[in-house]
Amino acid sequence: MERIYCKNCLRETPAYPCPLCGYDPEAAPAVSQALEQCILHGRYLTGRALEKTPIGISYKALDLEENRPVSIREFFPAGQAQRQPDGSLSWLTPPHPEGALGTHSQMPEDVVLDSFSENNTIYTVFRPAAPSRKRPPQVRKKESEWLPFLLALLLFLLTIAAALPLLACLHP
Ligand SMILES: [Zn+2]
């Protein structure tokens, strides 16, 4: 059986809907002119297009060399370029490379993993956005909460200890 890479989880899967993540391309909204499931720069397999903005398309992708998930942004300004059948872009108006660079200048530097030009445009590889992991609230009780109970218990035990000889006297 031929195996494919799921466009969503980028793991090998026998067919869609993907049994690993449930993704079904027929049910998912398609991004027009996206370049899904292509190998870029000889090592990045593009998955599904996540969003199209006025400056480009971002994709889920797999770094085949490092075998890790990445995000790729393709510089593809709306109205300025068109996708050709071979995947490359043809420019209606000359591209401004500063525009492509500007798209990731807002990102922290350690997030950008790679950048290359291919298909007549520029691609930027990012570390995928990590799901926000909030630390669970600490459940350790504060001293002020358990101290009164401890003192009450101690007082109770002392009272019993003091009463024992008395009881012994009453019942010889
Ligand atoms: Zn999947």
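Two residues are in contact if their C-beta atoms, placed from the backbone, lie within 7 Å. The structure discussed here is a predicted model, in which local features need pLDDT of at least 70, side-chain atom pairs count only at pLDDT 80 or more, and totals for chains, interfaces and linings use all residues. Residues are numbered from 1 along each chain as its sequence is written.

Leaving aside neighbours within four places in sequence, Pro25 is in contact with Lys7 and Tyr16. It lies in the loop between strand E2 (12-13) and E3; strands (E, at least two residues) are DSSP runs, as are helices (H or I, at least four residues), and both are numbered from the N terminus. A residue is buried if 20 or more other C-beta atoms lie within 10 Å of its own, exposed if 12 or fewer, and partly exposed in between, with C-beta atoms placed from the backbone. Pro25 counts as partly exposed because it has 16 C-beta neighbours inside 10 Å. Its C-alpha atom is separated by 8.7 Å from that of Arg48, which is 23 residues apart from Pro25 along the chain.

The discussion now turns to the sheet. Strands of a sheet pair through backbone hydrogen bonds, either parallel or antiparallel. Here, six strands form an open sheet in the order E3-E4-E5-E6-E10-E9, with antiparallel pairing; two strands pair if DSSP finds at least two bridges between them. Strand E3 (39-40) and strand E9 (112-118) are the edge strands, each pairing on one side only.

Four bridges join E6 to the antiparallel E10; Ile72 has Val125 as its bridge partner in E10, and Arg73 has Thr124. E9 and E10 are joined in the antiparallel sense by six bridges, and Glu118 stands opposite Thr121 in E10. Two residues lie between the strands in the hairpin of E9 and E10, where Asn119 takes a positive phi near 55°. E10 is mostly covered, as five of its six residues are buried.

A nonpolar core is a set of buried Ala, Val, Leu, Ile, Met, Phe, Trp, Tyr and Cys residues joined through C-beta atoms within 7 Å. The largest such core has 22 residues, of which Tyr44, Ala61 and Ile72 touch the most other members. Two or more residues each come from strand E4 (44-53), strand E5 (56-63), strand E6 (68-75) and strand E10 (121-126), and E5 gives the largest share, four residues. Not counting residues up to four places away in sequence, Ala61 touches Tyr44, Leu45, Thr46, Gly47, Val70, Ser71 and Ile72.
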